[in-house]
Every structure is written in C-alpha cells, then in structure tokens.
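I opened this entry to keep track of what I looked up, contact by contact. The notes follow the order in which I went through the model.

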Amino acid sequence: MKFFIDTANLEQIKEAQDLGILDGVTTNPSLMAKEGISGKDAILNHYKTICEIVDGDISAEVLSTTYEEMIKEGDELAAIHPNIVVKIPMIKDGIKALKYFSNKGIKTNCTLIFSAGQALLAAKAGANYVSPFLGRLDDISVDGMNLIEEIRIIFDNYMFDTEILAASIRSPMHIINCAKIGADVITSPLDSILNLLNHPLTDKGLAQFVADAKKMG
Ligand code: E4P
C-alpha cells in the first residue's frame, strides 16, 4: 500500500518524507491556495520544489475545465518533472483528456470520484489513478468505504491497472479500513498518518522499559 501526503505545505511534506514511508504527494487548487501560491510561475515552481523533496508520484491538478485548456495545462505540468501526475476532474472533457495523456504516456489521476461508474469510466480512459473522496461522502451520510469496496471489485473483475487512490481521508480509521479493503494508495493529511503511531499501551510499555533500563545502569 502506498502512502501519499495530501497537502501543498512544504514543511509537512518534508516531515512526512523524513519518516521514510512517503511514496508521493497529492495537491489540489484549494490546498495550493491555502499555501498562498498564486500565478502560473509560482504554481510551476512550487510543484518543482515538491518534486525535489519527494521522489515519487506528485499529483498536480489542472485549473481549467475544457478539453483544449486541460491538455495544454497538463502538458505544461508534465514538463516540470517526470514524476508529475496530471490530475484531471471527473467530467466529460476530463475523460477525453485522460485518454489524450494515456496515449502520450503521461500519468494521470482522475479526481472528484464519487461513484463506481465514474471510476469505471476513468479506468477505461486509461487513468493511472482514480481518487474516490471518502470523507466528503461520509460528510453527506454516505459510506465512503462502500465506494472503495465497489471499485476494488470492478477493477479486480477486469484486471484494470488503474490504482485506487483513496482521498479525502479524515482519520487513521479511514487508512486502516482502506488497507483492509485493498486500496492501492491512501492520500492523507499528515496528522492522520501520525495518529497511526499512537497507542496508550505503547506509551505505558515504553515508560516502563525506560525506567527499568535505568536500573540496569
Ligand atoms: C486529494 O486528491 C483530494 O483533493 C483531497 O483528498 C480532498 O480532501 P478533502 O475532502 O479533505 O478536501
């Protein structure tokens, strides 16, 4: 299972990278705006910096929504670094753009997936990743984890190479349940990844071991 961090914050990306368990990064326009990144040059530079920190797939989302604009923008993003994955929204023109990039050998991540049918279409168009948004489904009282299960069954039935990139992760339990179902990748905020570390019995046990170690001189 691959672990991606879902942020454009360079400090958090460095912290996750230092842990030694990071396989990639996902961003979106909201996460980029949160870091105050604006303007084409600043956006391209920020992705370049992320690629220099992490040696793995880095999802960079197009800002446009028409086929012509998306392929122009995606080509520019892909030219930044070989690890850039062009992130394309799940819309009709997006399907065409996925196919265009697939034919060119440029990696893609289809974002804003909320149904199994959308994931199937993206896989048919040659997406390397589909990003079902768990947390946003949970927010409207729909079980996001059911969607991961449905997509897993469909992709396994037809041996699609497209990887399930579980997104909109809000808790360590999301990560554990994705691992149980067999999502290929999770992309998560740093705090949910770090929360996987915690167990009170680990803290208690370690405190005892440290105390006993002192007795041993
Ligand atoms: C990742 O690709 C998505 O953009 C992200 O996980 C969305 O998360 P959110 O629903 O917490 O904004």
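I started with the side chain of Thr26, which makes a polar contact with the side chain of Thr187 at 2.5 Å. The model is a predicted one, and I read every distance here with that in mind. The side chain of Thr26 also makes a polar contact with the side chain of Asp6, at 2.8 Å.

I then looked up where Thr26 sits. Thr26 belongs to strand E2, residues 24-26. Is Thr26 buried or exposed? Its relative accessible area is 1%, so Thr26 counts as buried, the cut-off being under 20%. I listed its contacts, leaving aside neighbours within four places in sequence; among them are Phe4, Ile5, Leu31, Ser59, Asn109 and Leu165. Asp6, Thr187 and Lys87 are on that list as well.

Next entry: the ligand. Which residues are around the ligand? I found Asp6, Asn28, Lys87, Phe133, Arg136, Ala167, Ser168 and Arg170. Asp6 therefore has two entries in my notes, because the side chain of Asp6 makes a polar contact with Thr26 and Asp6 is also among the residues around the ligand, within the 4 Å cut-off. I checked the polar distances to ligand oxygen atoms one at a time. For Asp6, a side-chain N or O atom is 2.6 Å from an oxygen atom of the ligand. For Lys87, a polar side-chain atom lies 2.6 Å from a ligand oxygen. For Arg136, I noted 2.6 Å between a side-chain N or O atom and an oxygen atom of the ligand. On its own the ligand has 340 Å² of accessible area, and the protein covers 85% of it.

Then I turned to charged pairs. Side chains of opposite charge can pair when their charged atoms come close. How many salt bridges does the structure hold? I noted 12.

I looked at Lys2 and Glu163, which form a salt bridge with the closest N and O atoms 3.2 Å apart. This pair links distant parts of the chain: Lys2 is in strand E1 (residues 2-6), Glu163 is in strand E7 (residues 163-166), and they are 161 residues apart. Lys2 has 25% relative accessibility and counts as partly exposed.

I looked at Asp156 and Arg152, whose side chains meet in a salt bridge at 3.1 Å, N to O. Both are in helix H8 (residues 144-158), and because they are 4 residues apart, about one helical turn separates them. I recorded 46% relative accessible area for Asp156, which is partly exposed, and 13% for Arg152, which is buried.

The salt bridge between Lys215 and Asp212 has its closest N and O atoms 2.9 Å apart. Both residues lie in helix H11 (residues 200-215), 3 residues apart, about one turn of the helix. Lys215 is exposed at 67% relative accessibility, while Asp212 is partly exposed at 27%. I also noted that Lys40, Lys72 and Glu76 are joined into one network by salt bridges that share partners.

Last entry: the surface. Which residues form a nonpolar patch there? I found Met173, Ile176 and Leu196, with about 250 Å² of accessible area together. Met173 is in helix H9, residues 172-181.

Terms used:
Residues numbered from 1 in each chain as written. Predicted model: local features only at pLDDT ≥ 70, side-chain atom pairs only at ≥ 80, totals over all residues. Heavy atoms only, no water. Patch = residues over 30% accessible without salt bridge, like charges linked within 9 Å, V, L, I, M, F, W, Y side chains within 5 Å. Areas by Shrake-Rupley, 256 points an atom, 1.4 Å probe, with all protein chains shown as cover. Salt bridge = Lys/Arg side-chain N within 4 Å of Asp/Glu carboxyl O. Helix = DSSP H or I, 4+ residues; strand = E, 2+ residues; numbered from the N terminus. Buried < 20%, exposed > 50% of the residue type's maximum accessible area, 1.4 Å probe, protein only. Polar contact = N/O pair within 3.5 Å; in protein donor to acceptor, adjacent residues only side chain to side chain. Contact = heavy atoms within 4.5 Å.
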